[in-house]
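Biologist: I am new to this structure and would like to understand what lies behind the words used to describe it. Could we go through them one at a time?

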Amino acid sequence: MDNSSELTENSRLPIRGILLDIALNAIIPLILYRLSKRYISPSELAALAIAAVFPLSKSIFDLLRHRQFDPISVVVLLGIVTSSIALLFGGSPRLLLVRESLFTGVFGLACFVSLLLPRPLMFYFGRHFVAGDDVRKRERFDASWELPQVRFANRLITIVWGTVYVAELTIRVILIYTLSAQLVLVFSPVLIGGFTILAITWTFSYVRRTRARVAVAPPPQPG
């Protein structure tokens, strides 16, 4: 089987698994955060530290068992760390408002920086969602990197996600300095959710189109 047919076979995005993975990484830290605030300490920093237990534990477990990180857990963990660092610089109303988008901006910048690496950041997210813990699927997914269409697609997806999240942070900062705090709180979920949904929708659509092009492309010639 050539790389193009392997990519086609393994590029069916398991949407249900993706949503479950995201839900677990979002809901469990939130539950831990609220339980900490209610029963352990009103401290924001302490609550964030306890919320980090699940993504940190999952990252260590995945590293020890599968010798790989779950990128969603890593993202959640880094988001909590970023929020904690922001708290250390004070709790001004504007800083608290921008804190929610601070990590998305950092993540966007990380996407751009990863373009300098052998494989961009979103390649690893794609491999996690498509192949999971299946060793054979992961090997085939890695092998698909030899295809120029796959390399271009992963770099473009990384650029788009980087642009989306840097833009989201930029717009939020503008709103914070031009609107009241109440209006910013109203617009914030719509802003983050809307940008994320747009990025996910475009990515799924683009991956399907790329998969179709790869499926009909002639296999690369050796040498």
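Modeller: Let us begin with the word contact, which means heavy atoms within 4.5 Å. With that in hand, of the contacts in the chain between residues at least 6 apart in sequence, 67% join residues at least 24 apart. Please keep in mind throughout that this is a predicted model.

Biologist: What elements make up the chain, and in what order do they run?

Modeller: The chain holds 10 helices and 0 strands, and from the N terminus on its elements read α-α-α-α-α-α-α-α-α-α. Of its 223 residues, 39% count as buried, while the accessible surface comes to about 12900 Å², with 70% of that belonging to carbon and sulfur atoms.

Biologist: Why is Phe123 called buried?

Modeller: The word buried is kept for residues under 20% relative accessible area. Phe123 has a relative accessible area of 0%, so Phe123 is buried. Phe141, at 9%, is also under that limit and therefore counts as buried.

Biologist: What makes Phe123 and Phe141 an aromatic pair, and why is the pair called tilted?

Modeller: Ring centres must lie within 6.5 Å to pair, and planes under 30 degrees apart would be stacked, over 60 edge-to-face, and the rest tilted. A search of the whole structure finds 7 aromatic pairs. In one of them, Phe123 and Phe141 are 5.2 Å centre to centre with 50° between the planes, so they pair and the pair is tilted. This pair links distant parts of the chain, for Phe123 belongs to helix H7 and Phe141 to helix H8, 18 residues apart. Trp161 and Tyr165 form a tilted pair as well, at 5.7 Å centre to centre and 50° between the planes. Here the two residues are 4 residues apart in helix H9, which means that about one helical turn separates them, and both are buried. Ring pairs also link Phe107, Phe125, Trp161 and Tyr165 into a cluster.

Biologist: How do you know that the buried residues of helix H8 line one face?

Modeller: In helix H8, residues 135–143, the buried residues are Arg138, Arg140 and Phe141. Seen down the axis of H8, they fall within an arc of 165°, and therefore they line one face of the helix. The face turned away from this buried side carries the exposed residues Val135, Arg136 and Glu139.

Biologist: What makes H7 a mostly covered helix?

Modeller: In H7, 8 of its 11 residues are buried, and this is what mostly covered refers to. The buried residues are Met122, Phe123, Phe125, Arg127, His128, Phe129, Val130 and Ala131. After H7 comes Gly132, whose phi is positive, near 60°.

Biologist: Which residues have the most contacts inside the largest nonpolar core?

Modeller: That core has 16 residues, and those with the most contacts inside it are Phe107, Met122, Ile157 and Trp161. Helix H6 (93–114), helix H7 (121–131), helix H9 (148–176) and helix H10 (181–216) each supply at least two residues of the core.

Biologist: Why is Thr163 called partly exposed, whereas Asn154 is called buried?

Modeller: Partly exposed covers values between the buried limit of 20% and the exposed limit of 50%. Thr163, in helix H9, has a relative accessible area of 41%, so Thr163 is partly exposed. Asn154, which also lies in helix H9, has 9%, under 20%, and is therefore buried.

Biologist: What makes the approach of the Thr163 side chain to Ile159 a polar contact?

Modeller: A polar contact needs a pair of N or O atoms within 3.5 Å, one able to donate a hydrogen and the other to accept it. The backbone oxygen of Ile159 lies 2.8 Å from a polar atom of the Thr163 side chain, and this distance is within the limit. Likewise, the backbone oxygen of Val150 lies 2.8 Å from a polar atom of the side chain of Asn154. Leaving aside neighbours within four places in sequence, Asn154 is in contact with Pro120, Met122, Phe123 and Trp145.

Biologist: How do you know that Thr104 is buried, and which residues does Thr104 contact?

Modeller: Thr104, in helix H6, has 12% relative accessibility, which is under 20%, so Thr104 counts as buried. Beyond its neighbours within four places in sequence, Thr104 is in contact with Tyr165 and Glu168.

Notes. Residues are numbered from 1 along each chain as its sequence is written. This is a predicted model: local features need pLDDT of at least 70, side-chain atom pairs count only at pLDDT 80 or more; totals for chains, interfaces and linings use all residues. Side-chain values use heavy atoms; hydrogens and water are left out. Buried means under 20% relative accessible area, exposed over 50%, partly exposed in between (1.4 Å probe, protein chains only). The arc is that of the directions from the helix axis to the C-beta atoms. A nonpolar core is a set of buried Ala, Val, Leu, Ile, Met, Phe, Trp, Tyr and Cys residues joined through side-chain atoms within 4.5 Å. Accessible areas come from the Shrake-Rupley method with a 1.4 Å probe; for residues, only the protein chains shown count as cover. Rings of Phe, Tyr and Trp (its six-membered ring) pair if their centres lie within 6.5 Å; planes under 30 degrees apart count as stacked, over 60 as edge-to-face and the rest as tilted.
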